[in-house]
Amino acid sequence: MSDMVRVAVDAMGGDNAPVEIVKGAVEAVNECSDLKICLVGQQDVIASELTKYQYPEDRVEIVHASEIIETAEPPVMAIRKKKDSSIVVALNLVKEGKCDAYVSAGSTGATLVDGQVIVGRIKGVERAPLAPLIPTLKGDSLLIDCGANVDARPSHLVQFAKMGTIYMRDVHGIENPTVGIVNIGAEEDKGNALVKETFPLLKNCPYINFVGSVEARDIPAGVVDIAVCEAFTGNVILKMYEGVGNALLGEIKGVLMSNLKTKIGALLIKKALKNRLKRFQTSEHGGAPLLGLNGLVVKTHGSSTAKEIKNSIIECITFTKQNIPAKIQEMLGSTLDEFEE
């Protein structure tokens with residue numbers, strides 16, 4: 001069991017918990033022989049769901065947690081009041097070394113706060129960014145940060161670029177990934193104070209492949225592998241991305257179903273179109289890691305289905321086996337004095 005990757009899954013978090021969460025965990029453990037799952041939550045509820053499936057019982061464990069942190073609850077208050085919540089108990093498993101990673105579709109705020117408070121940041125990491133993969137015409141790009149640090153400093157963005165580089169290189173196999181800073185123009189003197197101050201730091205950073213500014217309209221084209229920004233900008237990009245994508249898919253479906261001729265055409269192209277659009281579905285990408293912590297914390301969409309949960313769990317295997325926290329600490333450890341005043 002020493003080669004097993006152990007993932008703590010918040011079985012009570014998300015719109016579709018525990019049904020889709022348990023299903024996704026079972027699918028993951030059935031697909032991966034080097035995986036062990038700890039389903040954290042109300043034992044009777046989880047046990048009832050597990051009776052629906054066949055799975056290796058020695059690799060699925062229930063860890064009881066009596067409480068649930070709801071999405072609308074203030075994160076800090078919830079941590080203090082609900083010590084036996086599924087989120088807190090699961091994150092403590094990572095902190096104590098009993099699990100290597102944590103996956104949740106539950107409260108984003110509680111996961112972000114608890115992840116940093118309980119699991120803790122790697123020495124030298126100033127802020128931990130949330131970093132989802134977003135689909136582009138050339139594959140996937142990393143958007144970092146998209147929700148954890150609204151007020152960021154230039155040194156934070158440089159660290160985001162470094163951590164993103166390690167993640168894309170060692171987890172997703174992109175050799176020497178390109179890095180761009182999200183800006184309102186391509187010129188070096190464009191942007192707000194944060195971008196203008198960060199640009200030369202990224203340009204002179206020897207640890208990343210910085211290619212300059214990237215405008216939001218160019219991100220879907222895949223012009224960079226890593227798009228760096230503070231969380232306010234990143235979250236706006238992510239939500240706009242999702243909204244426009246859903247709107248376009250709705251329009252395409254409306255056109256294809258508008259009359260008999262288009263319905264016949266839709267039938268002819270259905271398979272090819274489905275395969276083409278498949279990689280733009282969020283369920284194909286799993287969740288977003290909170291990089292820079294002493295263990296892996298992954299946040300998935302609140303509406304996640306079993307497929308997204310499964311993919312999020314499976315991604316934890318590569319992250320853990322590549323020992324990403326140690327690589328981040330090694331990179332940052334060599335430059336800890338870089339931004340000291």
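Me: Before we dig in, which residues count as nonpolar, charged or polar here?
Reply: Ala, Val, Leu, Ile, Met, Phe, Trp, Tyr, Cys and Pro count as nonpolar, Asp, Glu, Lys and Arg as charged, and the others, Gly among them, as polar. Bear in mind that this is a predicted model.

Me: Thanks! So how does the lining of the second largest pocket divide up?
Reply: Its lining has 10 nonpolar residues, 4 polar and 1 charged.

Me: And what volume does that second largest pocket have?
Reply: About 220 Å³. The elements that give two or more residues to its lining are β7 (178-182), α7 (193-203) and α8 (231-256).

Me: Switching topic: how many residues are in the largest nonpolar core?
Reply: There are 60, and the ones with the most contacts inside this core are Val-7, Leu-35, Ile-37, Leu-39 and Ile-313. Helix α6 gives the most to this core, with 8 residues.

Me: Nice, tell me about α6. Where is it, and what length does it reach?
Reply: Helix α6 covers residues 154-170 and reaches 25 Å from its first C-alpha to its last, close to the expected 24 Å.

Me: Why is α6 described as largely enclosed?
Reply: Because 16 of its 17 residues are buried, α6 is largely enclosed by the rest of the structure.

Me: Back to Val-7. What is in contact with it, leaving aside neighbours within four places in sequence?
Reply: Val-7 is in contact with Leu-35, Lys-36, Ile-37, Cys-38, Cys-99, Ala-101, Val-103, Ile-313 and Cys-316.

Note on methods: Residues numbered from 1 in each chain as written. Predicted model: local features only at pLDDT ≥ 70, side-chain atom pairs only at ≥ 80, totals over all residues. Heavy atoms only, no water. Helix = DSSP H or I, 4+ residues; strand = E, 2+ residues; numbered from the N terminus. Expected span 1.5 Å × (residues − 1). Buried < 20%, exposed > 50% of the residue type's maximum accessible area, 1.4 Å probe, protein only. 1 Å grid on protein atoms, 1.4 Å probe; cavity = no way out; pocket = protein on both sides within 12 Å on 5 of 7 lines; lining within 4 Å. Points joined across faces, edges and corners; volume = space filled by probe spheres on them. Core = buried A, V, L, I, M, F, W, Y, C linked by side-chain atoms within 4.5 Å. Contact = heavy atoms within 4.5 Å.
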